[in-house]
Amino acid sequence: MRWLPIPHPDSDAGTLDSHFVAAQFVRLDRSIFLNSTIGGNAQLGQVWQYRPERQELQLIFESPSSRVLENPDNITVSPRGG
């Protein structure tokens with residue numbers, strides 16, 4: 001693994017969202033699931049799936065209301081895949 005500096009991370013000129021940050025994973029042959037805590041039109045959260053073999057990022061769920069999902073910040077998978 002190699003760390004790369006982010007120029008001026010504490011400046012008022014921008015946030016980390018305006019910089020490209022990357023990581024390389026080896027022997028990853030399925031998917032990575034990510035969530036955006038305040039993503040989506042309702043700003044209540046989104047769940048994304050990244051498939052490295054296809055280099056594809058796909059939105060798989062966007063919360064329509066706080067009754068469905070409200071600002072997720074963690075994703076967990078059981079040993080049985082659930």
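Trainee: What makes strand 2 and strand 3 count as a pair?
Mentor: Two strands pair if DSSP finds at least two bridges between them. Strand 2 and strand 3 (residues 56–62) have six bridges, in the antiparallel sense, so they meet that rule. Strands here are DSSP runs of E with at least two residues, numbered from the N terminus. By the way, this is a predicted model: local features need pLDDT of at least 70, side-chain atom pairs count only at pLDDT 80 or more, and totals for chains, interfaces and linings use all residues. Residues are numbered from 1 along each chain as its sequence is written, and side-chain values use heavy atoms, leaving out hydrogens and water.

Trainee: Which residue in strand 3 is the bridge partner of Val47?
Mentor: That's Phe61. Strand 2 and strand 3 also form a hairpin, with four residues between them.

Trainee: How many bridges link strand 1 and strand 2?
Mentor: Five, again in the antiparallel sense, between residues 32–36 and residues 46–51. Leu34 stands opposite Trp48 there.

Trainee: Why is Gln43 called exposed?
Mentor: Exposed means over 50% relative accessible area, buried under 20%, and partly exposed in between (1.4 Å probe, protein chains only). Gln43 has 53%, so it counts as exposed. Gln43 lies in the loop between strand 1 and strand 2, and its phi is near 55°.

Trainee: And why does Asn71 count as partly exposed?
Mentor: Because its relative accessibility is 28%. Asn71 sits in the segment after strand 3 and has a positive phi of about 50°.
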